[in-house]
Amino acid sequence: MALVVMCGQPCSGKSEAAACLAAALRSSVPDVTVRVIDESSLHLGRDESYKDMVVEKNLRGVLRSEVDRSVSRDGIIIVDSLNNIKGYRYELWCLARASGIRYCVFFCDTEVDHCRDWNVKRQEKGEPSYDSNIFEDLARRFERPDSRSRWDSPLFELFPSREEIVESSPVIAEAVSYLTKKVDSKTRDVKVLQPTIATQSVRTTEGNSLYEMDKATQEVVSAIVEAQSGGLGLAMNKISLGPDLPTINLRRPVGLPELRSLRRTFIKLAGQYSLSGRPPPTDADSAKRMFVDYLNREIGG
């Protein structure tokens, strides 16, 4: 139904605003599932998640994957995180577009000095907070949302340092109205993102291809292991998978660890090839032919 991206400096009031927005949505549409995805829901701490660029990048990947699994036309997802990089907000916007749902950014526009003071007070109270160095680094790298950008529009702005964060806040009421309003062909003030042919086919094809390739390559590996353990076909160093499939030609015995490594490499290479060329096969036999050809080049006689 919708994806809401919370945005703001660290300790700017995002989590409180997200909680109020979620409560207001549940009151407005009690039959719709409203879920908040944040670091704590994934058992991740604040300092641990932002202590360096590598960990921070991994955090964004985990959050994005969870959003991708959760978005649907039947529920509302609120991403309560910094979402401080415009490129990352664009990635989340793409997920919403691919799912054909509504999208908006909810920006807690709080001055950095206020955020810093709130962070210190939380530290003193023993509440969830940021290490001072981590806070300063995140505040410095924050990229403000711009309503002129597709991935930052529509943009709902709340000013926590000047107004109270409550369910009845006008901007929360405005966001609830936008997210829950019924739309038809005449509606102009609510935008439901429409997936392009490319995003629709990529999501479907990638899912089918990955499943078929994973299953087919595992069957090939199992066949090789079984043939070697039973001594089948090893006199000629040939293993047959069926009448319509190529023969595996081995010049030496191959252990399961090596076969697993070759399988992982093949799947990775197939995925990289699909980004610049045609997509990987969606049927089992084609995947097996490709994998056998690869094995014959790598370990064949």
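Reader: Which residue is the bridge partner of V5 in β3?

Author: That partner is V79. Keep in mind as we go that this is a predicted model. Next to that bridge, V4 has I78 as its bridge partner in β3.

Reader: What makes β1 and β3 a pair of strands?

Author: Two strands pair if there are at least two bridges between them. Strand β1 (residues 2-8) and strand β3 (residues 75-80) are joined by four bridges, so they pass that cut-off of at least two. The two strands run parallel.

Reader: Why are β2 and β5 called edge strands?

Author: The open sheet has five strands in the order β2-β3-β1-β4-β5, with parallel pairing. β2 (33-38) and β5 (155-158) each have a single partner strand, so one side of each lacks a neighbour in the sheet. On average, neighbouring strands here are turned by 20° against each other, direction ignored.

Reader: What makes β3 mostly covered?

Author: Six of its six residues are buried. On one side these are G75, I77 and V79, and on the other I76, I78 and D80, so both faces are covered. Helix α1 (residues 14-28) lies across β3, among other strands, and runs at about 170° to β3.

Reader: Let us turn to the rings. Why is the pair of Y90 and W93 called stacked?

Author: The structure holds seven aromatic pairs. In the pair of Y90 and W93, the ring centres are 5.9 Å apart, and a pair needs centres within 6.5 Å. Their planes stand at 25°, and under 30 degrees counts as stacked, so the pair is stacked. Both residues lie in helix α4 (residues 86-99), three residues apart, about one turn of the helix. Ring pairs also link Y90 and W93 with W151 into a cluster.

Reader: How do you know whether W93 is buried or exposed?

Author: Its relative accessible area is 4%, and under 20% means buried, so W93 is buried.

Reader: What is Y90 called, then?

Author: Y90 has 32% relative accessibility.

Terms used. Residues numbered from 1 in each chain as written. Predicted model: local features only at pLDDT ≥ 70, side-chain atom pairs only at ≥ 80, totals over all residues. Heavy atoms only, no water. Phe/Tyr/Trp six-rings, centres within 6.5 Å; stacked < 30°, edge-to-face > 60°. Buried < 20%, exposed > 50% of the residue type's maximum accessible area, 1.4 Å probe, protein only. Axes fitted to C-alpha atoms, helices over the stretch in contact; angles between N-to-C directions. Contact = heavy atoms within 4.5 Å.
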